[in-house]
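These are my notes from going through one model, in the order in which I looked things up. I began with the fold as a whole and then went to the helix packing, the ligand and a few backbone angles.

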Amino acid sequence: MLKKLFLLLSLSTMLPFGKAWLGCYAQNSTAGSFESTIQPILPIPDEVRKPNAKQGRIEEFKYMAHKNGRTFQKHARVYTPYGYKAEDKKTKYDVLYLMHGGGDKTTSFLTPPNDWLPLRNILDNLIAEGKMRPIIVVCPTFYDDDENIGANNMGDAIALTRDFHTELQNDLIPTVEKQYNTYLEGTDSIAVTKTRDHRAYGGFSMGALSTWYQLAYGVNAVKHFLPLSGDIWAYNEKGEKQDAKFAAEWMNSMLEKSPFAHDFEVYGYTGTKDVAGNPEKATIEALHKYAPLFRYATPDANLRFSMKKDGEHFYGHINEYLYYALPLIYKK
Ligand code: FER
């Protein structure tokens, strides 16, 4: 039985890589600028950067959160695809939750500055071109709300990302998935678990950390995971951050407790010039080596990983990763 883990204020340690790992890379690298174990990676087509005529909508969604004996209002951004009709209750949609990075907010993924590759254009274009099923995207915040970001330091952010799975399960999923046309029937944990195949969770940087913690603590609620530029932060009982091997073994021991230990999938992405690049690579390598519940580079893989050459730590590149990943999860 694993002792309770404590979280510390510290950034990830860079770890060296063995030859076997690099060999695995060379084998899977492609002519494009993106190394992948998933599929050949082509440059992002220019059309995808432009708005499609068939555009989805982005709305503000308000809900009540319950935390540490407090009840308070929070909000999230919700993308509904082109053609979504609130009154058509028979057409149901899968839901992707996307968590922002440290110091960011609910608008960071869906409405970033215009010069970044906008996620909404990617979604509109992939859906209009028939490359993926239409889905609903929900962008919440692990902070108490967008307004209080400045009140939280990095130490808070680690605890907030670790604990967000409780709010997702108890407050956000039951409200947002009842308001919108999704597969959720009922609001209790059994109803949430029953529909986990229709739910994905991803995030950037500290949002990627929240994704790893969602996998560790909340795999019963979610099946598909997208850690984008972030590694697993795991700690010993003294609160000291441990290496990737420890983190991988910790993750495996957490998953072993779930009936869904054999029913989840991870799509990890990062970039070679990203501060999280080597740390996430080390995490994936360690999961492959030390976490038997993860199958990497096998025909039945549930762990996939790609690195964009020269990819950096910002949403413009992160959104490119979603362009590749979403059609894999939401096959037509
Ligand atoms: C990482 C590198 C950087 C990571 C998170 C960060 C969870 C976050 C940095 C920041 O918010 O300043 O590997 O993994």
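Among contacts in the protein between residues at least 6 apart in sequence, what percentage join residues at least 24 apart? I read off 75% for these contacts. I note at the outset that the model is predicted.

**Entry 1, overall content.** I counted the secondary structure of the protein as nine helices and nine strands. For burial I looked at the protein of 332 residues, and buried residues make up 42% of them.

I turned to helix 3, residues 119-128, and found it mostly covered, with eight of its 10 residues buried. The buried residues of helix 3 are Leu-119, Arg-120, Ile-122, Leu-123, Asp-124, Asn-125, Leu-126 and Ile-127, a list that includes the charged residues Arg-120 and Asp-124. I then asked myself which elements the buried residues of helix 3 pack against. They pack against helix 2 (46-49), strand 2 (57-67), strand 3 (70-80), strand 5 (136-139) and helix 9 (315-329). Just after helix 3, I noted that Gly-130 takes a positive phi of about 75 degrees.

Two packed helices are described by the angle between their axes and the distance between the axes. For helix 3 and helix 9 I found axes that come within 9 Å and cross at roughly 25 degrees. Angles under 35 degrees count as roughly parallel, and therefore helix 3 is roughly parallel to helix 9. I recorded their crossing as right-handed. From helix 3, Leu-119, Ile-122 and Leu-126 meet Asn-319, Leu-322, Tyr-323, Leu-326 and Pro-327 of helix 9. By class, this contact of helix 3 with helix 9 has seven nonpolar residues, one polar residue and no charged residues.

I next looked at helix 4 (residues 154-179) and helix 6, whose axes come within 8 Å and cross at roughly 50 degrees. That angle makes helix 4 oblique to helix 6, and I noted that the crossing is right-handed. Helix 4 brings Ala-157, Thr-161, Arg-162, Phe-164, His-165, Leu-168 and Gln-169 to the contact, while helix 6 brings Met-206, Leu-209, Ser-210, Tyr-213, Gln-214, Tyr-217 and Gly-218. In this contact of helix 4 with helix 6, I read seven nonpolar, six polar and one charged residues.

The axes of helix 7 (residues 244-256) and helix 8 come within 8 Å and cross at roughly 55 degrees. Helix 7 and helix 8 are therefore oblique to each other, and their crossing is right-handed. I listed Ala-244, Lys-245, Ala-247, Ala-248, Glu-249 and Met-251 on the side of helix 7, and Ala-282, Thr-283, Ala-286, Leu-287 and Tyr-290 on the side of helix 8. The classes in this contact of helix 7 with helix 8 come to eight nonpolar, one polar and two charged residues.

Which of the 14 residues around the ligand come nearest? I found Gly-102, Leu-209, Gly-230, Ala-276 and Pro-279. Helix 6 (206-218) and helix 8 (277-290) each supply at least two residues of the shell around the ligand, and the largest share, three residues, comes from helix 6. Leu-209 of helix 6 is also one of the residues in the contact with helix 4. By class, the shell around the ligand divides into seven nonpolar, five polar and two charged residues.

I placed Asn-278 in helix 8 and found it partly exposed, with 19 other C-beta atoms within 10 Å. Asn-278 and Asp-231 are 47 residues apart in sequence, yet their C-alpha atoms are 8.9 Å apart in space.

Ser-229 has a positive phi near 60 degrees and sits in the loop between strand 7 (224-228) and helix 7. I noted Ala-297 as partly exposed, with 13 other C-beta atoms within 10 Å.

Conventions:
Residues numbered from 1 in each chain as written. Predicted model: local features only at pLDDT ≥ 70, side-chain atom pairs only at ≥ 80, totals over all residues. Near = placed C-beta within 6 Å. Helix = DSSP H or I, 4+ residues; strand = E, 2+ residues; numbered from the N terminus. Axes fitted to C-alpha atoms, helices over the stretch in contact; angles between N-to-C directions. Parallel < 35°, antiparallel > 145°, perpendicular 65-115°, else oblique. Left-handed = near helix turned anticlockwise from the far one by under 90°. Contact = placed C-beta atoms within 7 Å. Buried ≥ 20, exposed ≤ 12 C-beta atoms within 10 Å, placed from the backbone.
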